[in-house]
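Trainee: Could you walk me through how to read a structure like this one? I'd like to go feature by feature.

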Amino acid sequence: MLALLVVATLVSLISISLIGLMTTDMAHAAIQYAVARAFYIAQAGLEEAKVQVSAAADPSAYATPAEGVAASFGGGRFTYWADPGTGPETACGAGLKTLEAVGQVAYLNRTISSRVRACGVPGTPFLTALFGVSQVQFEGTSRTYLAPYQIGTPGMGGNLGSFREINFAGNDVRLNALSEDTIDMVSVRERTFPDYALFGFSERPQYNPTPTDDPAPWVFGALGDLIKARPAAGPTPNRCGTPYACVTVGNRVTDVPGVADLREANDLRSVYVRGFREETVPLLGLDAFTFRVQAERNVANAALNARAGWRGKRDSLYTFGEISRILSYLEAHPGEHLRGTVFVDGTLNVFRSVDLGGSAGNVTLAVGGDLVIPKQVTLINRHDLTTVSGRRTPGILVFGQPPAGGASGQACTGGGETTGSGRLVMCEGSGLVVDGLVYTRDGMALGPQASVDQIGAMYHDTTGTANPSFTMRDARVVIRLDPLALTAFGKGIAIVSWQQVH
């Protein structure tokens with residue numbers, strides 16, 4: 001009886017302990033469930049903030065009251081803020097919008113909360129350094145670098161995307177190939193330095209020779225994605241027959257599914273991107289009339305017009321004859337520059353090298369027809385990038401449409417002739433140094449030895465035409481992506497980073 005009593009006592013003590021442990025575990029599980037619910041409710045609040053910013057007439061100016069906006073959701077409650085000026089810290093930096101949300105769940109007379117914060121680019125539906133509505137094609141020994149503008153700021157390197165097709169026409173094409181064999185130097189406006197410095201590396205990356213492996217020291221982490229896009233309105237037909245844009249090599253019409261297949265199976269070992277991504281994004285466009293009106297109202301160039309021989313002309317809307325005399329005057333007087341929005345009716349052939357706005361300008365060059373940069377000519381249009389407005393100001397906008405019955409003739413003479421048809425055409429050996437958005441209604445073509453040095457982004461629209469959106473042959477393009485350049489479209493908000501605060 002004594003032994004039985006001892007055993008019963010021990011079993012009772014163990015059972016009571018186990019019940020206590022089970023009760024504690026159940027309480028912990030319930031708390032963890034409440035914490036998880038609070039986190040996802042906060043995420044829902046962040047998404048609601050994005051919706052409200054996107055729906056605003058001016059996404060850049062949208063802000064919530066200091067107390068935020070609260071709503072019930074999922075058995076709890078969220079409160080979100082968007083740059084209220086007080087309250088949550090605006091921690092994202094100049095030109096970016098800080099979104100913050102708190103999710104709250106009641107549990108055992110307590111309120112369990114979770115806070116998340118995101119940095120977004122207002123007025124930007126999605127982020128790409130180079131996007132083409134139609135085909136984007138790289139030919140010959142083309143070298144392209146899609147790098148971040150400001151190393152260490154939220155976001156990655158520049159994405160490359162298309163609604164239809166990204167084509168690597170040959171195996172000598174190089175994309176983000178940072179000094180693979182020897183140190184390659186790149187010349188941009190500031191100076192000449194090793195290409196890997198564009199991406200924030202202090203020394204030459206050491207590549208793994210196996211193409212399917214990540215090259216040390218994790219070069220892919222500093223790069224952008226290759227975006228196989230489709231419009232929100234529905235798929236765009238392409239040569240591969242895929243619902244999203246396809247990636248092709250040479251003349252083949254087989255869609256390349258991923259980075260490893262591109263580099264190994266297709267022997268494109270000098271193409272580096274972080275990954276492939278399918279994404280549905282809106283079709284974008286700009287209205288030529290808006291910028292034409294801006295130029296008509298822009299009187300900042302009235303004095304320059306008079307000095308160039310156009311006395312009495314106060315606006316900045318020019319015919320080809322008027323802009324030709326202005327360009328000649330600027331060439332002869334390098335200390336003088338244009339200001340504000342300039343609109344050229346018809347085609348502009350930049351017959352001589354010219355700096356439109358100086359090193360801290362604010363010029364938007366809008367062209368009603370083609371924009372042609374002839375052989376060995378350099379067009380410079382830089383902005384004041386120390387200001388948010390300077391970073392948001394569009395750089396070059398080409399609105400021309402193909403004339404009825406076909407092309408408008410040969411835009412370049414000599415080797416590598418390119419047909420101009422409402423496009424931005426760069427002839428052999430030409431140069432373009434530009435800040436802000438480069439937008440074309442009918443695409444862009446670069447001839448041999450042409451070069452682009454851009455801080456901003458490119459968007460090439462060829463809706464309704466058969467032309468490719470972007471082609472380059474034996475040329476060099478350096479685009480340092482500044483997300484603020486895409487705010488010219490004034491739609492949506494693109495998130496560049498987010499974190500859970502607590």
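Predicted model: local features only at pLDDT ≥ 70, side-chain atom pairs only at ≥ 80, totals over all residues.

Trainee: Let's start with aromatic rings. How many aromatic pairs does a search of the whole structure find?

Mentor: The search turns up 14 aromatic pairs. To sort a pair, look at the angle between the ring planes: under 30 degrees counts as stacked, over 60 as edge-to-face. Take phenylalanine 138 and phenylalanine 168: the ring centres are 5.6 Å apart and the planes meet at 15°, so this pair is stacked.

Trainee: Where do phenylalanine 138 and phenylalanine 168 lie?

Mentor: Phenylalanine 138 is in strand β6 (residues 135-139) and phenylalanine 168 in strand β9 (residues 165-168), so the pair ties together parts of the chain 30 residues apart in sequence. Both are buried, too: phenylalanine 138 has a relative accessible area of 1%, and phenylalanine 168 has 0%.

Trainee: Are tyrosine 439 and phenylalanine 489 buried or exposed?

Mentor: Buried means under 20% relative accessible area. Tyrosine 439 is at 0% and phenylalanine 489 at 8%, so buried is the word for phenylalanine 489 as well. Ring pairs also link these two into a cluster, whose members include Phe126, Phe131, Phe163 and Phe291.

Trainee: What about charges sitting over rings?

Mentor: Here you look for the charged end of a side chain over the face of a ring. The charged end of arginine 230 sits over the ring of tyrosine 244, 5.3 Å from the ring centre. For arginine 325 over tryptophan 310, the distance to the ring centre is 4.4 Å.

Trainee: Next, disulfides. How many does the search find?

Mentor: Two disulfides. One joins cysteine 240 to cysteine 246, with 2.3 Å from S to S. For handedness, check the torsion about the S-S bond: for cysteine 240 and cysteine 246 it is about 70°, so that disulfide is right-handed. Cysteine 240 counts as buried at 19% relative accessibility, and cysteine 246 is buried at 1%.

Trainee: And which cysteines does the other disulfide join?

Mentor: Cysteine 412 and cysteine 427, at 1.9 Å from S to S. With -85° about the S-S bond, this link is left-handed. The two cysteines are 15 residues apart: cysteine 412 is in the loop between β23 (396-398) and β24 (424-426), and cysteine 427 is in the loop between β24 and β25. Cysteine 412 and cysteine 427 are both buried.

Trainee: On to strands. How do I read the side chains of strand β17?

Mentor: Check which way each side chain points. In β17 (residues 341-344), Thr341 and Phe343 point one way, Val342 and Val344 point the other way, and all are buried. Then look for partners: β17 runs parallel to strand β16 (residues 317-318), joined by two bridges, and tyrosine 318 has valine 344 as its bridge partner. From β16 the chain passes through helix α5 (residues 320-332) to β17, a β-α-β crossover that is right-handed.

Trainee: Which other strand pairs with β17?

Mentor: β20 (residues 364-367), in the parallel sense over four bridges. There, valine 342 has leucine 365 as its bridge partner.

Trainee: Last one: where is aspartate 482, and what does it touch?

Mentor: Aspartate 482 is in the loop between β29 (476-481) and β30 (493-500). Aspartate 482 is buried, at 2% relative accessible area. Leaving out residues up to four places away in sequence, aspartate 482 touches Tyr149, Arg391, Ile455 and Gly456.

Conventions:
Residues numbered from 1 in each chain as written. Heavy atoms only, no water. Buried < 20%, exposed > 50% of the residue type's maximum accessible area, 1.4 Å probe, protein only. Contact = heavy atoms within 4.5 Å. Phe/Tyr/Trp six-rings, centres within 6.5 Å; stacked < 30°, edge-to-face > 60°. Lys NZ or Arg CZ within 6 Å of the ring centre and 35° of its normal. Disulfide = S-S within 2.5 Å. Pairing = 2+ DSSP bridges. Right-handed = clockwise from strand over helix to strand, strands pointing away.
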